[in-house]
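Here are a few friendly notes to read alongside the model. Keep the structure open and look up each place as you go.

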Amino acid sequence: MTTHRFARPWPVHVLVAVLLAVVVFRGGAVAAGAFAAVYALGVVAPPRWWLLAVTAAWAGVLAVSPDGVWLAFPLFLLQAHLLPRVPGLLAVAATTVVAVAGFAWHRGEFTVAAVVGPTLGAVVTVAGVLGYQALYRESERRRQLIDQLEATRASLAAAERERGVLGERERLAREIHDTLAQGLSSIQLLLRAAARSLPDDPGTAAGHVEQARATAQDNLAEARRFVHALTPPDLAGKSLPAALRRLCEGTRELPATLHVDGAPVPLPTAYEVALLRVAQSAVANAVRHARAGHVDLTLSYMEDRVTLDVVDDGVGFDPDAVPASGGFGLVAMRARVAELGGSLVVESAPGQGTALAVSFPRAEP
């Protein structure tokens, strides 16, 4: 319940002034002046102490003139508005009793009008104030809900921006792992081979250096592509089988072959990029970790799906022993495939090589 002096609106002041003029006109100038002086103290006095003084001044006006009963109506408004609900209702009830008794004392008798008038005024006033307070509470509740909604919307926007940043970081991490990291590893191996061959076989060493240069050039093109989120150079203007064939031909560390089953058909670009990246990562794993002697890639175009199988004859591993958060190559492959609604299955065992199968539906991702 508000107790600020500005809770007494100007219509109440106007009503008090008009009723005081009636009292003055009917001969109660002194009592009306005293009431007006006390009422004016509301500008600086604490509201509830002021209200007590105004009520006492009103009682004085009523004792002098029966017309003081009219001042009970603005007093009802002030009591119901400035006091808590229960004390306000009790104050209004007490003021009503005093108004009825005072008016009857001046008239020398109790009449129906003397009782009904103040009582009805008190009821209407209390109902109006309670209705206003209910509307005010509802307005405050809606304002709080709007504030909460705006705060939630701002939080969701911030979360969406954060999700976008994390998604872009993950995309760049996958691209770096599948392209630059693999290419740099190949360059390192080629330069080591060139260093070993250099004293005795300069021609072979020069061939390794040339392969390293070509790999570096390809990596530069890949870096420019994923920074600008473009189609991989191996797929630009080429089919997926052609890109996979170029991957096999460019793998110098071990023999890699490609088999294509079914009639090749154009696939959504996102599918072709994902299949190429999975193939690059799987071949790199066969070279770097599996110590394989051969790797076979099989691209199959079926009626409702397209699948890619990558099989090597390396040392293998136990898939169940690899933690879900370890081995960024497998994590990146699974995330990339899952984003597009595909499936990835890895089968391996120590000493028995590794088989990786990726499958996508033929529909758009």
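1. In which sense do strand β1 and strand β2 pair, and over how many bridges? β1 (residues 256–261) and β2 (residues 295–301) pair in the parallel sense, over six bridges. Two strands pair if DSSP finds at least two bridges between them, and strands are DSSP runs (E, at least two residues), as helices are (H or I, at least four), numbered from the N terminus.

2. A word on the ground rules: this is a predicted model, where local features need pLDDT of at least 70 and side-chain atom pairs count only at pLDDT 80 or more, while totals for chains, interfaces and linings use all residues. Residues are numbered from 1 along each chain as its sequence is written, and side-chain values use heavy atoms, without hydrogens and water.

3. Now turn to Ser359, in strand β5 (residues 354–361). Ser359 is buried, with a relative accessible area of 10%; buried means under 20% (1.4 Å probe, protein chains only), exposed over 50%, and partly exposed in between.

4. Who surrounds Ser359? Leaving aside neighbours within four places in sequence, Ser359 is in contact (heavy atoms within 4.5 Å) with Arg305, Val306, Thr307, Gly342 and Ser343.

5. Finally, look at confidence. The protein chain averages a pLDDT (the predictor's confidence in each residue, from 0 to 100) of 80, and 84% of the residues score at least 70. Among the elements of the chain, β2 has the highest mean pLDDT (95) and helix α1 (residues 10–25) the lowest (71). Over residues 1–7, pLDDT stays under 50. Where pLDDT is low, the predicted coordinates should not be read in detail.
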